[in-house]
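Biologist: I am new to this structure. Please take me closely through one part of it.

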Amino acid sequence: MSVVTLTIDEKIVSAQEGQTLLDVARENAIDIPTLCHLDGVSEAAACRLCLVEVVGTSRLLPACVTRAAEGMVVHTTTPKLVEYRRMILELFFTERNHVCSVCVANSACELQALAASQGMIHVRLDYLHPHLPVDTSHQQFGIDHNRCILCTRCVRACDEIEGAHTWDVAGRGIHSRVITDLAQPWGEATSCTSCGKCVQACPTGALFRQGSTVAEMQKDREQLAFLVRARKEKQWIS
Amino acid sequence: MSTRIVIDPVTRIEGHAKISIFLDEADQVKEARFHVVEFRGFERFCVGRPFTEMAGLSARVCGICPVSHILASSKTGDRLLAVTIPPAAEKLRRLMNLGQITQSHALSFFHLSAPDFLLGWESSPATRNVFGLIAANKEVARGGIRLRQFGQEIIEALGGRKIHPAWSVPGGVREPLPTERRDYLLSRVDEARTTTQQAISAFKDLLDRFSEEIEVFGKFPSLFLSLVGRDGEWEHYDGILRMIDAEGNTLVDIDPQRYFDYLGEHIEHDSFLKSPYYKPLGYPQGAYRVGPLARLNICQRMGTPLADAELVEYRQRGGGIVHSSFFFHYARLIEILCATERIKRLLEDPDLMSNRLRAQASINNLEAVGVSEAPRGTLFHHYCVDENGLLTRVNMIIATGQNALPMNSTITQIARRYVQGRTIPEPILNRIEAGIRAFDPCLSCSTHAAGQMPLLVQLIAADGQVVDEARR
């Protein structure tokens, strides 16, 4: 595989051909914020937080699915990008009900951490406050659609790591929501193996362990990447 | 032509409210009414949420007494799970509630009411506050602030933070008390007790000067309700729910799970505060008082040596069953004293350091009630859930609500004594407010509201015309 050389934020870096800009940036300790990206599963390019500017291209490009190319000049934190990211975060907070103070994932939430790190100090739009259901029909886990940002990490983790494909997305636009099996209550979804990978994959408090109280839902997201790596490298049998 | 005086907003209480004083054709005070003008809607928007969130959600009702809600909610959750929580968890919850009672009572006495006692009802409103108190009597102010701090440190030591600690949960508590925090609290408890004893001593000296206030600030016979220990001891967390009459006779011992058989909630046309009443006597005859005054009237003893000795003198001064709402302040101090003694006892209990703190279970009851004593009085949380633990109905009966009718009686009594004609001079305004402050109302809780409470008093004529207004 050939090596390409490119510039990210004035820093000259080298990358394997085919590597994403996100990968290359992180290898070089350049932070690009993400929400839908999860190590170990495929990319959805859904959250748009990893948008970067590439010189010579008028559109903003998502770093998670844009391949590094020879001579590319990339900017990750221009004023325009910073403003876009804040706006994206504001839209997340507007669309559903994300009140951190009473959330099970308070202090362990990627959305909350990003809002803080990206300087989102207020929301300029009206909150929609939809009345979305909470499904606690599963014996061990629950889903609060009010906290879901539709990143689809649960969908991909369930399909690609566990192989159950219990989760999917139904509806369109603002009416989209994640479903279990054919939009049945989670407790009745026969494909679910109750492995809990979706819960670990979830960046917010949308998926939680039953009985969790405020700020009690800690998530071990690195475990999923470990499972994938161990499987790929056959660490179980070596 | 009758007249109405309006006080809006009421100051140095917790929340927003106003007072209307109605005059008759002869410009004599006919009635005074206390209105809480905030709406919050917790009982509605919690519906649909998992019951396990309720301790954290309902704590947000109030920044002064979140612990009370957390405890009542956790107790309700224990019953939904149908578990008996581990003994150490109960002791730790009790410790936190004693910390809560200490800090809340200290706030009420030293920060909110002491300026009236020590600086005088007629002193300038500009300095009649905790800062004026600091300037006038540094030691008293310092002691009060440190006492409140001590109560909050207990809450922080257990729950990790002073306000809204998400620590007590259905089934028990989340974290043990770290040994070093226990040792630190033990090193502070003697100072807290001494401060309280000094405050009691000073208040007793002042009582002789307040003979008029004792008679006028809400002295009337009423029913009283509180938890009491099975052996008659002062109780704040569990025990028997008892209603007594004005002479001290037990009317009924209520099973908390069936409180609704005895307690009704009247909706007022002019306030977001609901007014509970004792059903057998109906509304408004069934009005009852809760809080320190009620707890000290109902218990036989405090259960700690120093507080017991003070209780004897309190009853001598108050005449057995105490009817004067002015004695709420006195009762509050005795409760702090009792709390400091009990805190020391608990901190020295080796069981407290156990790591068995939380019972795990799934939903086993679909309806439950949790009752505990908040600083201001008996607090009820009542939840109905579906089979998956999602709330289908929430009812909370808050201490301040239960004191709503007695607060109206109190300000009516004060207004009749002091309001002459169609104006409200400032010192009279302050006395009316002080009548409310005696109850230490928490309006954020009672309307399930936030912020500070300014005061508006309106004087209203018989034809409904507002003839005078006094506002902070």
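Biologist: Which residues have the most contacts inside the largest nonpolar core, and how many residues does that core have?

Modeller: Keep in mind that this is a predicted model. The largest nonpolar core has 202 residues. The residues with the most contacts inside it are Cys154(A), Ile21(B), Ile334(B) and Val457(B). Helix α4(B) gives the most to this core, with 13 residues.

Start with Cys154(A). Setting aside neighbours within four places in sequence, its contacts are Trp167(A), Val178(A), Cys198(A), Ala201(A), Cys202(A) and Leu207(A).

Now step back to chain A as a whole. Chain A is divided into domain 1, residues 3-76, and domain 2, residues 83-226. Their centres, taken over C-alpha atoms, are 25 Å apart. Where they meet, 14 residues of domain 1 of chain A are in contact with 21 residues of domain 2 of chain A. On the domain 1 side, 10 of the touching residues are nonpolar, two are polar and two are charged.

Next comes Leu49(A). It sits in the loop between α1 (21-27) and β3 (51-54) of chain A. Leu49(A) is buried because 23 other C-beta atoms lie within 10 Å, and the cut-off for buried is 20 or more. Beyond its neighbours within four places in sequence, Leu49(A) is in contact with Pro33(A), Thr34(A), Leu35(A), Arg85(A) and Ile88(A). Its C-alpha atom is 9.7 Å from that of Leu114(A), which lies 65 residues apart from it along the chain.

Ser194(A) gives a contrast. It has a positive phi of about 55°, although it is not a glycine. Its place is in the loop between β9 (177-180) and α5 (197-201) of chain A. Ser194(A) is exposed because 12 other C-beta atoms lie within 10 Å, and exposed means 12 or fewer.

Where the chains meet, 12 residues of chain A are in contact with 15 residues of chain B. The chain A side of that contact has four nonpolar, seven polar and one charged residues.

Cross to chain B and look at α7(B). This helix, residues 179-207, has 29 residues. From its first C-alpha to its last it reaches 42 Å, close to the 42 Å expected at 1.5 Å a residue. There is a kink of about 30° in α7(B), centred on Arg188(B). Several of its residues are buried, including Arg182(B), Leu185(B), Val189(B), Ala192(B), Thr196(B), Ala199(B) and Ile200(B). An α-helix has 3.6 residues a turn, so residues three or four places apart point the same way. What covers the buried residues of α7(B)? The cover includes α4 (87-119), α6 (138-159), α10 (305-318) and α11 (327-347) of chain B. Among these is α4(B), the helix that gives the most to the core.

Move on to α13(B). Its 15 residues should span 21 Å at 1.5 Å a residue, and its end C-alpha atoms are 21 Å apart, which agrees. Of those 15 residues, 12 are buried, so α13(B) is largely enclosed by the rest of the structure. Among the buried residues are Ala404(B), Leu405(B), Met407(B), Asn408(B), Gln413(B) and Ala415(B).

Ile414(B) is found in this helix, which runs over residues 404-418. Ile414(B) is buried because 25 other C-beta atoms lie within 10 Å. Neighbours within four places in sequence aside, Ile414(B) is in contact with Val216(B), Phe217(B), Arg431(B), Ile432(B) and Gly435(B).

His164(B) has a positive phi of about 55° although it is not a glycine. It is found in the loop between α6 and β4 (168-169) of chain B.

A cis peptide bond joins Tyr283(B) to Pro284(B), with omega about 5°. Pro284(B) lies in the loop between β10 (274-278) and β11 (288-289) of chain B.

Terms used. Residues are numbered from 1 along each chain as its sequence is written. Chains are lettered from A and ligands numbered from 1 in the order in which they are written. This is a predicted model: local features need pLDDT of at least 70, side-chain atom pairs count only at pLDDT 80 or more; totals for chains, interfaces and linings use all residues. Two residues are in contact if their C-beta atoms, placed from the backbone, lie within 7 Å. Ala, Val, Leu, Ile, Met, Phe, Trp, Tyr, Cys and Pro count as nonpolar, Asp, Glu, Lys and Arg as charged, and the others, Gly among them, as polar. Helices (H or I, at least four residues) and strands (E, at least two) are DSSP runs, numbered from the N terminus. The expected span of a helix is 1.5 Å times one less than its number of residues. The bend at a residue is the angle between axes fitted to the seven residues ending there and the seven starting there. A nonpolar core is a set of buried Ala, Val, Leu, Ile, Met, Phe, Trp, Tyr and Cys residues joined through C-beta atoms within 7 Å. Domain bounds come from an automatic or database domain assignment.
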